[in-house]
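User: Please examine the structure shown below and answer some questions about its charged side chains.

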Amino acid sequence: MSDTLNAEQHRLKMQRRKEVQDQRIADRTREKGLIIVNTGNGKGKTTAALGMVLRSLGHGYKVAIIQFIKGAWEPAEKAAFAPWGDQIEFHAMGEGFTWETQDRDRDILHATAAWEKARSFIQNPEFRLVLLDEVNIALKLGYLEVETVLAGLDQKPEDSHVILTGRGAPNALLDRADLVTEMALVKHPFREQGIKAQPGIEF
């Protein structure tokens with residue numbers, strides 16, 4: 001075990017590890033715009049995506065966020081990103097959770113409008129990163145056809161990235177994606193302790 005190594009053994013082990021890692025990094029020379037999917041039943045899909053948004057903004061890239069389900073309440077993310085001005089486009093185009101709207105036809109109209117807005121940013125080479133928040137929910141519920149979304153992803157510029165979040169991402173999207181992360185639910189205070197959604201944590 002590593003905790004039984006003496007200082008010199010540990011140094012040599014880390015030196016070998018560094019050499020392997022340096023070679024691995026040197027071998028990776030390709031650059032490519034990525035299709036990224038954050039899915040699964042665990043919390044943190046949007047939060048992880050927003051971390052990439054923040055990084056992209058820090059590099060000076062233009063970013064667009066389109067929220068497919070959220071929107072009835074003003075998300076704190078919109079206020080947090082307001083100081084970035086024209087560098088970010090933020091569109092909350094849903095009317096809230098589907099069990100609150102209770103109108104499938106209306107939800108489909110909103111999802112379709114959100115997709116058309118999203119597609120305009122995906123095709124625009126000025127935007128280096130486009131986040132389609134909760135689009136996987138719209139796909140899972142049949143508000144959008146997966147073929148439509150895949151065709152839209154085919155139209156993105158080579159060096160731009162698109163992140164698609166939400167549980168229940170379809171297999172066809174997972175197959176197309178370059179990076180897929182599945183958030184696993186281990187424990188949640190809402191379910192186990194009856195603790196309500198709190199500002200700064202859920203919204």
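Analyst: Buried means under 20% relative accessible area, exposed over 50%, and partly exposed in between (1.4 Å probe, protein chains only). This is a predicted model, in which local features need pLDDT of at least 70, side-chain atom pairs count only at pLDDT 80 or more, and totals for chains, interfaces and linings use all residues. Residues are numbered from 1 along each chain as its sequence is written, and side-chain values use heavy atoms, with hydrogens and water left out.

User: How many salt bridges are there?

Analyst: A salt bridge is a side-chain nitrogen of Lys or Arg within 4 Å of a carboxyl oxygen of Asp or Glu. By this rule, the number of salt bridges is six.

User: Is Glu116 buried or exposed, or in between?

Analyst: Glu116 forms a salt bridge with Arg119, at 2.8 Å from N to O. Both residues belong to helix 5 (residues 104-122) and lie three residues apart, about one turn of the helix; helices (H or I, at least four residues) and strands (E, at least two) are DSSP runs numbered from the N terminus. Arg119 has 27% relative accessibility and is partly exposed. With a relative accessible area of 39%, Glu116 is likewise partly exposed.

User: How many residues apart in sequence are the parts that Arg176 and Asp154 tie together?

Analyst: The side chains of Arg176 and Asp154 form a salt bridge of 2.7 Å, N to O. Arg176 is in helix 8 (residues 171-176), whereas Asp154 is in the loop between helix 7 (146-153) and strand 5 (161-165), so the pair ties together parts whose separation in sequence is 22 residues.
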